[in-house]
Amino acid sequence: MRMREIRELVRPRASGLGRTSVLDRCHDMDDLRTAARRRLPRAVFDYVDGGADEEITLAANRDAFRRVCFSPRVLRDVSAPDLSTRLFGADLRSPLGLAPTGYTRMIHPDAEPAVARAAAARGLPYTLSTVATTALEDVAETGHTNLWFQLYVLKDRALTYALVSRAEAAGFHVLEVALDTAVAGHRTRDARNGFTIPPRLALRTVLDIGTRPGYWTSVLRGAPLTLANLQASDSPGQRATVAALNDLFDPAVTWDDIAELRARWPGALILKGPLGPADVRRAIEAGADGVHLSNHGGRQLDRCVSPLDLLRPAREAAGDRLALVLDSGVRHGADIAAALALGADLCMIGRPYLYGAAVGGRAGVERAVDLLVAQLRRTVQLLGVTDLTELRKHGPELVALTPSPLPHRPAGGEDGHV
Ligand SMILES: Cc1cc2nc3c(=O)[nH]c(=O)nc-3n(C[C@H](O)[C@H](O)[C@H](O)COP(=O)(O)O)c2cc1C
C-alpha cells in the first residue's frame, strides 16, 4: 500500500474541527450509554440507568426483545419504506415517542424544552412528566404540537385536577395517567449513592467534580432544579430525596379516579402501566383511548412481567378499540419492528433519549432517535415489508418469540469504543 493510500484511509471523517464528535462516534444505544456514563457523575448516571431492587426486570426487559426471531419475506420492492403513522389524530414520522422522565434538568441544563424541540424536529410525540423540571406552559412554548402530559394522581386531588386543566389550557394533546406508582419503587443504586435531588455537595460529590468538571459547570450555570409543575403548591417535593416522592403519590387511587379524569379531560386519555388483559378490558369500559404497556423500565415492581409479553394478550383483549403503546427495554429499531408486528401502535423510549441528552442536549436526543429510526428502516426493509400496515398484517408470519433469549455479545466488547 502506498503512503497516499494509507493517508486516505486514516483521514479524519468529519469536516470542520477535523475530528468526529462523541455523538458521531455513537453507533448504537450501548455506545450512547457508555458516553453518558463518562459524562455524568456516578449518582446521576445511576439515577437514569438503574432499576428497582435486584434489577431483575431491568435485565428481563432486554432479554424479552432478545427472544425475537424474524422470518423475512423476499423479492419485494423495499426501496422506499414508509415508516409514518397516525395516532390520536396526529401524524407521526415514525412509530416512536419519548416517554415521560422526571428531573431532566439534572441530566442537561437545556432540560425538557430541548427534548421537546428534538421530538418536534423528528415528528414524534414527547410526554412531559408531572415531576418535570420545566413548567408545562414553558414546554408548550416550544411550539411542539404533539405533546402528551403524564399525570401522577397525587394525594392532593385539587393539585392533580389543576394540572389537568393547565395541560388542557396549554394545548397538550394527550393525557397519560401513570398507574404503576402506588408507591415509589426502591432503586437500590440511588439508596447506595445517598442520591438526592438536587444532588447534594457530599464529599463524594465534591470529589466527582474533579473528574466531571464539564457536567458541574453546566449544571451550576443552569436554572435551579425544581419540580416546576408543582411549585405553586406546598408540595414536599421541592428539595427531597428520591424516596420522599412517596409523599406525593397516592396509594389509594382506584378506577373511580380514572372516571373522574375521563370526565375532566376532553382529549385522548391513556393509561400507563403493566396492564394485563382484564385491566385492558376495564380500561376500555372506563373510556380510555389507549393503554401504554410499561413496567416503568424496571424502576417500579421488580420481577414485573415484560410489556412485550403483555402485547399479544392485550391486543386480543382490545381488538381495534384501543391504541397500544409499549416501552421498557426498547434499544434498537428491530425492537420497534417486532413490537409493531406483535400488535403495538407505537413504541416509546426513556433511557435512550436521556443518554443522548446527557451527551449533547437536543442534538443528543436527536442522535438517539436517528439511530433507532435508521435501524427500524433497515429492519423493515430486510423483513421485506414496505409500510407499517403491512408489518402489522404479516406480523404473525414475520416474528416469533423463542423460549429463551438468543445469545448476544455487544459489538466491539462491553464498553464500546466512544
Ligand atoms: C430517569 C427516569 C425517570 C422516569 N420518570 C418517569 C416519570 O416521571 N413518570 C413516568 O410515568 N415514567 C417515568 N419513567 C419511566 C419512563 O416513562 C418509561 O416507562 C421507561 O423509561 C421506559 O423504559 P426504558 O428506559 O427501558 O426505555 C422514568 C424513567 C427514567 C429512566
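This is a predicted model: local features need pLDDT of at least 70, side-chain atom pairs count only at pLDDT 80 or more; totals for chains, interfaces and linings use all residues.
**The chain as a whole**

Let's start with the big picture. The chain contains 17 helices and 14 strands. Its C-alpha trace spans about 75 × 55 × 40 Å along the principal axes. How does the radius of gyration of the chain compare with that of a compact globule? For 418 residues, a compact globule would have a radius of gyration near 22 Å, and the chain, with 21 Å, agrees with this. Of the 418 residues, 49% are buried. Contacts also reach across the sequence: among those between residues at least 6 apart, 73% join residues at least 24 apart.

**Around the ligand**

Next comes the ligand, which is surrounded by 23 residues. Ala99, Ser129, Gly297, Gly350 and Arg351 are the closest of them. Sorted by class, this shell holds eight nonpolar, eleven polar and four charged residues.

**Two helices that meet**

In general, a pair of packed helices is described by the angle and the distance between their axes. Here, helix H12 (residues 277–285) and helix H13 (residues 307–318) have axes that come within 9 Å and cross at roughly 35°. The crossing of H12 past H13 is right-handed. On the H12 side, Pro277, Val280, Arg281 and Ile284 make the contact, while H13 brings Pro313, Ala314, Glu316, Ala317 and Ala318. Which classes do these contact residues belong to? Seven are nonpolar, two are charged and no polar residue takes part.

**Helix H3 and its neighbours**

Helix H3 covers residues 42–49, and its buried residues are Ala43, Val44, Phe45, Tyr47 and Val48. They pack against three helices: H2 (29–39), H8 (188–193) and H15 (351–383). Let's look at Tyr47, one of the buried residues of H3. Tyr47 counts as buried because 24 other C-beta atoms lie within 10 Å. Leaving out residues up to four places away in sequence, Tyr47 touches Asp190 and Phe195. Tyr152 lies 105 residues from Tyr47 in sequence, and their C-alpha atoms are 19 Å apart.

Helix H2 has a residue to look at too: Leu32 is found there. Why is Leu32 called buried? The reason is that Leu32 has 30 other C-beta atoms within 10 Å. With residues up to four places away in sequence set aside, Leu32 touches Cys26, Pro352, Tyr355, Gly356, Val359 and Ala368. Val22 is ten residues from Leu32 in sequence, at a C-alpha to C-alpha distance of 8.8 Å.

**Two residues with a positive phi**

Finally, Ala111 has a positive phi although it is not a glycine, and so does His296. Ala111 belongs to helix H5 (residues 111–121). His296 is in the loop between strand S11 (290–293) and H13, the helix that H12 crosses. The table puts the two side by side.

| Residue | Phi | Other C-beta atoms within 10 Å |
|---|---|---|
| Ala111 | about 55° | 24 C-beta atoms |
| His296 | about 65° | 22 C-beta atoms |

Are these residues buried or exposed? Ala111 is buried, because 24 other C-beta atoms lie within 10 Å. His296 is buried as well, with 22 such atoms within 10 Å.

Terms used. Residues are numbered from 1 along each chain as its sequence is written. A residue is near a molecule or strand if its C-beta atom, placed from the backbone, lies within 6 Å of it. Ala, Val, Leu, Ile, Met, Phe, Trp, Tyr, Cys and Pro count as nonpolar, Asp, Glu, Lys and Arg as charged, and the others, Gly among them, as polar. Axes are lines fitted to C-alpha atoms, for helices over the stretch in contact, and angles run from 0 to 180 degrees between N-to-C directions. Helices (H or I, at least four residues) and strands (E, at least two) are DSSP runs, numbered from the N terminus. A crossing is left-handed if the near helix is turned anticlockwise from the far one by less than a right angle, and right-handed if clockwise. Two residues are in contact if their C-beta atoms, placed from the backbone, lie within 7 Å. A residue is buried if 20 or more other C-beta atoms lie within 10 Å of its own, exposed if 12 or fewer, and partly exposed in between; C-beta atoms are placed from the backbone. The radius of gyration is taken over C-alpha atoms; the globule rule is 2.2 Å times the number of residues to the power 0.38.
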